[in-house]
Amino acid sequence: MTSSPATDSAQDEVTQTAADAGKRVRRPRDMALSLAVLFVPILLVLGVGRFLYGDSTTATVDPAVALSSAARASMSPIPQGQVPDGWKVVSAAYRDGVLRLGYLTEADKGVQLVQGSGDPATFVRTELSASAKQDGAMEIAGADWQRWTGRPGESALVRSTGAVTVIVVGPVGEADLVKLVTAARA
């Protein structure tokens, strides 16, 4: 028995309609629900972890690599890798002749020790701001340091020894800056 082309066409149409009916149309709402099913457990785990264990996600770094790079470049004096009690080293880099060590105080405020060579006045203005002004002098651990005001809300201590200038700057009080200078003995 042979079938006519009209019958074949009708059967193909019925088969195609059945296949189309089996396919489900996906809507944006379906995608949102699928993502919610994935994200809700993740958010619960993160939330419970922070609530039960506290936020101790501050990453610390070892400044040894940056300090050794500065030493190889004959930058002296090199600050010691010491950190005041309760402080954390959160960044350390030596690039383009400038050593940068970033610290986080006990009160979670950032302080940076920057050491470089060249003209001290240019280096200080580059690091603090063009409007930075000297605001007196003081002695710390037998070395002369200058107080500077720089960016709004920040104070700085600056010391120049020959061609090397050290700047300790941050939005903290002078006592915290002195604490870092004493620990680092820069």
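## Arg147 and its partner

Arg147 is partly exposed in this predicted model. Its relative accessibility is 25%. The side chain of Arg147 meets that of Glu174 in a salt bridge, at 2.6 Å from N to O. Glu174 sits in helix H5 and Arg147 in strand S5, so the pair ties together parts 27 residues apart in sequence. Glu174 is partly exposed as well, with a relative accessible area of 33%.

## The other salt bridges

The structure holds 3 salt bridges. One of them joins the side chains of Glu127 and Arg100, at 2.9 Å from N to O. Glu127 belongs to helix H4 and Arg100 to strand S2, so this pair ties together parts that are 27 residues apart in sequence. Glu127 has 13% relative accessibility and counts as buried, because the cut-off for buried is under 20%. Arg100 is partly exposed, with a relative accessible area of 28%.

Glu154 forms a salt bridge with Arg151. Their closest N and O atoms are 2.7 Å apart. Glu154 counts as partly exposed at 22% relative accessibility. Arg151 is partly exposed too, with a relative accessible area of 33%.

## The sheet

An open sheet is built from 7 strands. Their order is S1-S2-S3-S7-S6-S5-S4, and the pairing is antiparallel. Strands S1 (88-95) and S4 (133-140) are the edges, and each pairs on one side only. From one strand to the next, the twist averages 20 degrees.

Strand S6 (residues 155-161) and strand S7 (residues 164-170) run antiparallel and are joined by 7 bridges. Within this pair, Val158 stands opposite Ile167 in S7.

## Helices on the sheet

Helix H3 (residues 64-72) packs on the sheet and touches S1 and strand S2 (98-104). The direction of H3 makes about 30 degrees with that of S1. Helix H4 (residues 120-127) also packs on the sheet.

## Nonpolar cores

The largest nonpolar core has 24 residues. Those touching the most other members include Leu99, Tyr103, Trp145 and Val168. H3, S2, S3, S4, S5, S7 and helix H5 (174-184) each supply at least two residues of this core. H5 gives the most, with 4 residues.

Val168 touches residues from several places in the sequence, among them Val111, Trp145, Leu157, Leu177 and Val181. A second, separate core has 11 residues, including Val98, Val114, Trp148 and Ala156.

Definitions and conventions: Residues are numbered from 1 along each chain as its sequence is written. This is a predicted model: local features need pLDDT of at least 70, side-chain atom pairs count only at pLDDT 80 or more; totals for chains, interfaces and linings use all residues. Side-chain values use heavy atoms; hydrogens and water are left out. Two strands pair if DSSP finds at least two bridges between them. Axes are lines fitted to C-alpha atoms, for helices over the stretch in contact, and angles run from 0 to 180 degrees between N-to-C directions. Contact means heavy atoms within 4.5 Å. A nonpolar core is a set of buried Ala, Val, Leu, Ile, Met, Phe, Trp, Tyr and Cys residues joined through side-chain atoms within 4.5 Å. Buried means under 20% relative accessible area, exposed over 50%, partly exposed in between (1.4 Å probe, protein chains only). A salt bridge is a side-chain nitrogen of Lys or Arg within 4 Å of a carboxyl oxygen of Asp or Glu. Lists of a residue's contacts leave out its neighbours within four places in sequence.
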